[in-house]
Amino acid sequence: MGKPTGFLEIDRKLAPKRAVAERVNDYKEIEQLNSIAETEAQASRCMDCGTPFCHNGCPLGNIIPEFNDAVYEQNWKYAYDILSTTNNFPEFTGRICPAPCESACVLGINKPAVAIELIEKSIIEKAYSEGWVVPFIPKTRTGKKIAVIGSGPAGLAAAAQLNKAGHLVTVYERADQIGGLLRYGIPDFKLDKTVVSRRVDVMKKEGITFVTNANIGTTEKLANLTNEFDAVLVATGSTTPRFITAKGNDAKGIYPAMEFLSQQNKRNASIALEVNHKGEAYSNNNILAEGKHVVVIGGGDTGSDCVGTSNRHKAASITQIEVMPKPPVNRAENTPWPNWPSMLRTSTSHDEGAERLWSISLQEFVKNDKGELEALIIGDIVYNMKDGKMEQEVINIRKIPCDLALIAAGFLHTDHGSLFEQLTAVGVKSDERGNLVANASYQSDNEKVFIAGDARRGQSLVVWAISEGREAARNIDLYLMGKTALEGKSVSSFDLMAK
């Protein structure tokens, strides 16, 4: 806990944000940090709650009251030691996690919750500035070799843990840069890519090998990895987008959100966009919102990211539509504390400007005579009771201008390309949703192949991916060595003290 009366004396104060008029003209991070003194004051709000439900709210089981208390006591190094025991990448979760820990905070029952995410980010940035983040190089190596396919948060977390156990780890990434979703899925204004590169550099110094442009299943066969390595971890994410089946969905001007977002991240990094075999840019390979009427289809975080990026492109208008009803402003009664609350969330991108519409049915993509998108036909969804049954009706059907539609309707499953086919050939199963199947130990029916992250559980949060990677690494270590010293979710403050 922090100061015994801190939660009574100090109000919740989040980090300052750059002014809208300034930030929409660049891709620099929006959220800043509080001063050291302000962060210590925020940590003091952590109360002596008896049972810290924040532990359960966090998929990583972060030891939150203890690192809050350490910050309040100005013992930042100890706070970093506590945090890094359960979280390999606080610099990622401190920026892009929706903070389920805060939703489970006991103080949040009748007051604003402790600013846990901000404190976490402050701890790791302090650690980097003080030189506490140093490569962990194992004193001895086991001689065991593990291949990790995918360098997103699950793959990176697993690689870090397996290297810590003394194994030789090689991470394969099909893109040209390491990071997966962190690199090409999340806009720079939320997660600057120097933050990703900074961590990857540390991991390289720890002895982890990274191979880019490695499309396992195509450029390198899976069989080569299963023959060469003692274990293979598949952490390829959930990358198959859900498309909209409405009439006219073949119009020019309709794109998956991730294609739009990843392109902008590449522009920011001065990385050339993909070209065809003749060296010519693909016709759909320069997706820009400048001067266009943009409609973002989907009301989640990815849709919000499209809104923020479109604002920076200087779109003529931005509308975000969502099929679900508008959530309540405050926590819904059917999601009481400490559950993740159903409630209206407004992102920094929404603050920059966009019209948001709920309970919307997309009826048709309207094309001009050139096959180009020019409008959408939408309607409002209402529910009526008829003959004792609730029926859906679409009313107020209308046309709205749209020459760029970005589909942010989520992801179906991992990629079902050549790697998936080769995994199936060696006995790895998939479920009815198209995800790869593994048991409670993250092991597939092929004993050498393990599955973690969104490839196993479906589309989820970055914090869940890190948790999956850590747990998979622990089970791989157990499989290879018959025992493991890697931390699991059961780590507690008493374990830390014993060390």
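Modeller: Strands S10 and S11 run antiparallel to each other and are joined over seven bridges; two strands are said to pair if DSSP finds at least two bridges between them. Within this pairing, leucine 362 has isoleucine 378 of S11 as its bridge partner. Strands (E, at least two residues) and helices (H or I, at least four residues) are DSSP runs, numbered from the N terminus. The model is a predicted one, in which local features need pLDDT of at least 70, side-chain atom pairs count only at pLDDT 80 or more, and totals for chains, interfaces and linings use all residues, while side-chain values use heavy atoms, without hydrogens and water. Residue numbers start from 1 along each chain as its sequence is written.

S11 (residues 373-386) also pairs with S12 (residues 389-401), again in the antiparallel sense, over 11 bridges. Taken together, the three strands form an open antiparallel sheet in the order S10-S11-S12. Its edge strands are S10 (360-367) and S12, each of which pairs on one side only. On average, neighbouring strands here are turned by 25° against each other, direction ignored; axes are lines fitted to C-alpha atoms, for helices over the stretch in contact, and angles run from 0 to 180 degrees between N-to-C directions. In a regular strand, side chains alternate between the two faces of the sheet.

A further open sheet holds five strands in the order S6-S13-S7-S8-S9, with parallel pairing. S6 (254-256) and S9 (355-357) are its edges; each has a single partner strand, so one side of each has no neighbour in the sheet. S6 pairs with S13 (residues 404-407) in the parallel sense over three bridges, and proline 256 has isoleucine 407 of S13 as its bridge partner. Helix H14 packs on the sheet, touching S6 and S13, and its direction makes about 75° with that of S6; contact here means heavy atoms within 4.5 Å. Helix H15 (residues 301-313) lies across S7, S8 and S13 and runs at about 175° to S8.

Some loops also deserve attention. Most residues other than glycine have a negative phi, and most peptide bonds are trans. Serine 270, in the loop between H14 (257-268) and S7 (293-297), has a positive phi near 55°. Serine 270 is exposed because its relative accessibility is 68%, where exposed means over 50%, buried under 20% and partly exposed in between (1.4 Å probe, protein chains only). Tyrosine 442 likewise has a positive phi, of about 70°, although it is not a glycine. This tyrosine 442 belongs to the loop between helix H17 (418-425) and strand S15 (449-451); its relative accessible area is 9%, so tyrosine 442 counts as buried. Finally, the peptide bond joining tryptophan 337 and proline 338 is cis, with omega at about 5°. Proline 338 is part of the loop between S8 (317-321) and helix H16 (348-351).
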